[in-house]
Amino acid sequence: ETESFERLIRSGWIQASVLNDFDIITPHTLIVDVLANQLKPDVAECTEMIVSCTAIATGIDVMSEADERKFYIQFLDHTAHTISGISEELAEFYDWMTIAVYMRENMFKKALWAVNKEFEILEHIEGSEEKIMDALIHGRDASRSLGNETEFQKFDELLKSYETTDEYRFKILDEEMMDFMLAFDYDSAKTKVEEMIALAETMQDDRKIASAYGDMLLIQNTFQIDENKKEYAEKALFHLKKYFSEHFNDFDEDSEHLAWLYYELAEAYRNNGNYNDAIENFYLYAETMQKAKEGDYSFWITTYTEIGDCYQKMQDYNKLAEYYEKAFEYSERFYGEKHIETGKQLMYYSNALIELYNSTKNIKVLKHCKEIMEKAVEISLISEEADNSLLNNFYIRYSTVLSCLGYFEESHRYAETALDFFSRVSDRSDHMIARIYLTMGDNFLNAKDKENAEKYYHLAVHIYEENEWDAEKLEEIVQNALNVL
């Protein structure tokens, strides 16, 4: 009835809008909830709809407009929460909701919920062992991102209960390596990588051998350790080039798999210091991905970030800032200006501006950096999906910038916020706490407050002494800094 319909629109119960030349009718959520409760949709009666929803979820990353993506994400999320039943189609829908929607949008609580729904369904379907293992790995990822140790342990134990092929064993070792790295346990992480190398060599898989050597470089870079890094980098590049030469013709020129192979090659070249070759292969990755996923440009965010990193290693800080700015602009266009991913790109862009300032001492660069950081903080504070560890790490750098510009009280407040967070989150965060104390010492030094600068420097030195790190070298650096006053 047209009159009733128009009355519902006027009263706000139904919203009418146009999206990509389509008329979109959006009922108020209360109307949808009442209908869902009355109809109780079951996948047995709605299989076609669920297959269509899965197709939308798989293509969510090619939706170039932020408003369009937001609309479909809300639609898919509501469908996921109202449908019931058991079928392979519904399990696949929850799988794609986890990896393509919830995880990508940093909705980790919903990702965890979707994984559990998928797992419950797959347990009732014979021959689903591999899909179950994939779901459990996604569950571990979501739990880790949330910092939910109970859920993480649950998925970890379930994963260990399944018989694994070499392929899956390699994947699990990679996950375990990452867990130890995030727990700041270098020796255990290194042991897992050594197991990965041995397993990959047994499998005679050059790509996996290269990946394992790449992981060895990753943990050494993370812990700032150099144990044969040059040799590992050379081996990774050797095995990846060997794989590329033997398997290149196996891939279509517009294959997403070929795109990722270019990406891995770019990383291997970068680890060997071949930065121009790395940049060339990062571009090949993006150009191939453009053919494979027409309409999607989100991968340019990653590409420009990685190319910026190459220029950083080449100490070309103008190019570094230029490419990180491009990554931010693509993120803003793809996700929207208030999305947490845009906030992250602003953080990374501000890091590039700090590097540029350190090389030029141009105060305009630092002032621009402060403006960018303010936007990043604003986005992060209004987002429920903000990564608190990343955010507080960012506060440390923000504190330094504020201090250099003379905003001493505000600078100290952000440093104290970070100190409070890292003091609570882990008993293995000594390196972060020491870093914060050093930052606070630097900030008081900028404020010409020698007494407080000395206080926080010595707190950092004390942590170095307790952990048997190189305290003497730090003491010397601290003393030189204090002698300036």
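**Exercises on a pocket, cysteines and aromatic rings**

The lining of the second largest pocket comprises 15 nonpolar, nine polar and no charged residues; Ala, Val, Leu, Ile, Met, Phe, Trp, Tyr, Cys and Pro count as nonpolar, Asp, Glu, Lys and Arg as charged, and the others, Gly among them, as polar. The model is predicted: local features need pLDDT of at least 70, side-chain atom pairs count only at pLDDT 80 or more, and totals for chains, interfaces and linings use all residues. Residues are numbered from 1 along each chain as its sequence is written, and side-chain values use heavy atoms, with hydrogens and water left out.

**Exercise 1.** Describe the second largest pocket and state which element gives the most to its lining.

*Solution.*
- Step 1. A pocket is an open set of points on a 1 Å grid over the protein atoms alone, where a 1.4 Å probe fits, with protein on both sides within 12 Å along at least five of seven lines; lining residues have an atom within 4 Å of a point.
- Step 2. The volume, the space filled by probe spheres set on the points, which are joined across faces, edges and corners, is about 700 Å³ for the second largest pocket.
- Step 3. Of its 24 lining residues, T26, P27, V32, F75 and H78 are the closest to the centre.
- Step 4. Two or more lining residues come from each of β1 (14-19), β2 (22-27), α2 (29-39) and α4 (66-82); helices (H or I, at least four residues) and strands (E, at least two) are DSSP runs, numbered from the N terminus.
- Step 5. The greatest contribution is that of α4, with six residues.

**Exercise 2.** Determine how many disulfides there are, and examine C53.

*Solution.*
- Step 1. A disulfide requires a pair of cysteine sulfur atoms within 2.5 Å.
- Step 2. The count by this rule is zero disulfides.
- Step 3. C53 is in no disulfide, the nearest cysteine sulfur, that of C46, being 9.5 Å away.
- Step 4. C53 is buried (under 20% relative accessible area; exposed is over 50%, partly exposed in between; 1.4 Å probe, protein chains only), at 2%.

**Exercise 3.** Classify the ring pair W260 and Y285 as stacked or tilted.

*Solution.*
- Step 1. Rings of Phe, Tyr and Trp (its six-membered ring) pair if their centres lie within 6.5 Å; planes under 30 degrees apart count as stacked, over 60 as edge-to-face and the rest as tilted.
- Step 2. The whole structure holds 25 aromatic pairs.
- Step 3. The ring centres of W260 and Y285 are 5.3 Å apart and the planes are at 50°, so this pair is tilted.
- Step 4. W260 lies in helix α13 (residues 256-271) and Y285 in helix α14 (residues 275-292), 25 residues apart.
- Step 5. W260 is partly exposed at 36% relative accessibility, whereas Y285 is buried at 2%.
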